[in-house]
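Please consult the sequence and structure displayed below.

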Amino acid sequence: MNIDEERYLHLLSNTYPTVADAASEIINLEAILNLPKGTEHFLADLHGEHEAFIHVLKNASGNIKRKVSEIFGNTIREAEKKELCTLIYYPEQKLELIKAVEQDLDDWYHITIHQLVKVCREVSSKYTRSKVRKTLPEEFGYIIEELLHERPDDNDKAAYVAVIVDTIISTGRADDFIIAVCNVIHRLAIDQLHILGDIYDRGPGAHIILDTLRQYHSWDIQWGNHDILWMGASAGNDACICNVLRLSLRYANLATLEEGYGINLVPLATFALDTYGDDPCTEFIPKLLKDAKMDEKTLQLTAKMHKAITVIQFKQEAAIFHRRKEWNMEDRCLLESVDYEKQTCRIDGTDYPMTSCSFPTIDPVNPSVMTAEETLLMQKLHHSFRVSEKLRKHIRTIMSHGCMFTICNQNLLFHASIPLNEDGSLKNVEIMGEKYAGRQLMNYIGQLVRAAFQNDTPADLKQYAKDYFLYLWCGKDSPLFDKSKMATFERYFLTDKETFKESKGYYFLLRNSAEVCEHILDAFGVKGSNRHIINGHVPVHASKGENPIKAGGLLMVIDGGFSEAYHSETGIAGYTLVYHSRGFQLVQHEPFTSARDAINLGTDIKSTTQIVEMSTHRMLVADTDKGIELRSQIEDLRKLLYAYRHGIIKERENKH
């Protein structure tokens, strides 16, 4: 035993000061290794759809419904199973409805509490008592634990269990107890939640999703392009701020900005009315979802604000593209390619007619230069984003729980792509004069993003890091974009749809190749016979027969498709993935109506489960990353036992 090992074992002996302590922990860890693997839940592309997200979280992509069906089989009616599931999902709201109509409430309480305890017992069965105990609410912890481990069919304990339930009801605590048990079921149904990017934009409740995640027991995130955009806005990148505002106005979704983060949009509205008051801003009429309503006056104001911030966005982007010439993106400064007299725009040597050419804030000689009024407006908007404490808090949460990728249980998770060359090899991407590829590229980008928020970052690096958020959003070799261009200008102002074309990078063209996927997995050091790549970003066109399982099962694309804006394009409301002890299940969802319908009508998200890959044996904790960690701890504890027994380290009295 060398000096470093002995020093480490001395530190370990502080936690396990006796042979008995060390041996007990070895026994405990060996037992945990043989428990079933915990259930992992994968979601992607939530896009602010908080109601659908929270519902999928509550029903665990149908996992709770499946368990209720397995537990009760034909012993209760389907309508009763549906009622029980709705109660588990929304206990507070459902209880109010039930109490308004139920004639024999005490009888209902008796039946329901026993049913909920059965479900709770089932979802807790794969965990140690210690882990389950930690999830229990303090006020009901002892009672729930007793009910979980004492069965009413045990004649010796039947009266004991019955009295517990009777007393819960007679003391008026039945509602609180039911809510507590339902929350424990939510907590234990999913062991680990993976969010594969894009919490923000399109839907109204990104801030609500993040408030929910901040309270969630165990989760991670792989940053998406829309997350990076908001991170850039929070860091003070004005081009990102403009993009965030533009997208919010494009989908007439200002709830996250105004209600969530307190962003003051009055200066933008005032500027837009003053500058574009007589402009119909036809190209900028917001895209309203099917049930959305907006009066004509608000519609026109939104369109004017939309145009105002879009023009400023193009100017802000041009300033960065000119400053960062090494990005080779100056061809995207399209305000400088417009012939304002002929009303055409030159792209790749061809002049294209524009839909309109009304730009009162543009000087044709210096089209990318901000006016004094635009500059003042941007200062106000910049200040509003920078002082939003809640936005800062949410961005810190995203950074503390995630990065560009993660590897978990032989699965490589990232949002969009890994830049590749035409032959499928990893592409070298230059950042600040150095070239990075694959895992090294993703790691360095993660460091660069964090550098933008650190006070000790050198000024020149911090400025580059802030600028780089824009490249991550729309740069050709960005792992979060990976297309030839972002045709924002063309879609607003040109009629020729050929100019809209955004050619996808080689990752998207080659990802159905098992050889390419194997190469990526090797490059990231993902080992094992059941390894996979899991990502989102690109909606799966299920209505056109596209399969989310690619490369012979090596790649799974689970774009959540939660956003209503995608439903007509995909034909579904996307996919979620569940990885439990028996294998992978891909769940295809129909569009979610509302939480109100779920509570009042018992409607659930209609989901179709596809078994992707079943394990030949039930996977245990020993088969996971946690198992590797526990075996390492066991090995260290065995060395500590050896040191105790051979007098290398002396046992100490355990005062506890």
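Which residue in β2 is the bridge partner of Phe-42? The partner is His-194. The model is predicted, so local features need pLDDT of at least 70 and side-chain atom pairs pLDDT 80 or more, while totals for chains, interfaces and linings use all residues. Residues are numbered from 1 along each chain as its sequence is written, and side-chain values use heavy atoms, without hydrogens and water.

**Strand β1.** Strands (E, at least two residues) and helices (H or I, at least four) are DSSP runs numbered from the N terminus; two strands pair if DSSP finds at least two bridges between them. Strand β1 covers residues 40-43. Glu-40 and Phe-42 point one way from β1, His-41 and Leu-43 the other way, and all are buried (under 20% relative accessible area; exposed is over 50%, partly exposed in between; 1.4 Å probe, protein chains only). In β15, Leu-577 stands opposite Phe-42.

| Partner of β1 | Sense | Bridges |
|---|---|---|
| β2 (residues 192-195) | parallel | 4 bridges |
| β15 (residues 575-580) | antiparallel | 3 bridges |

Met-1 lies in the segment before α1 (3-15). Met-1 is partly exposed, at a relative accessible area of 46%.

**Cysteines.** The structure holds 0 disulfides (pairs of cysteine sulfur atoms within 2.5 Å). For Cys-281, the nearest cysteine sulfur is that of Cys-357, 14 Å away; Cys-281 is buried, with a relative accessible area of 0%. For Cys-474, the nearest cysteine sulfur, belonging to Cys-240, is 8.4 Å away. Cys-474 also counts as buried, at 7% relative accessibility.
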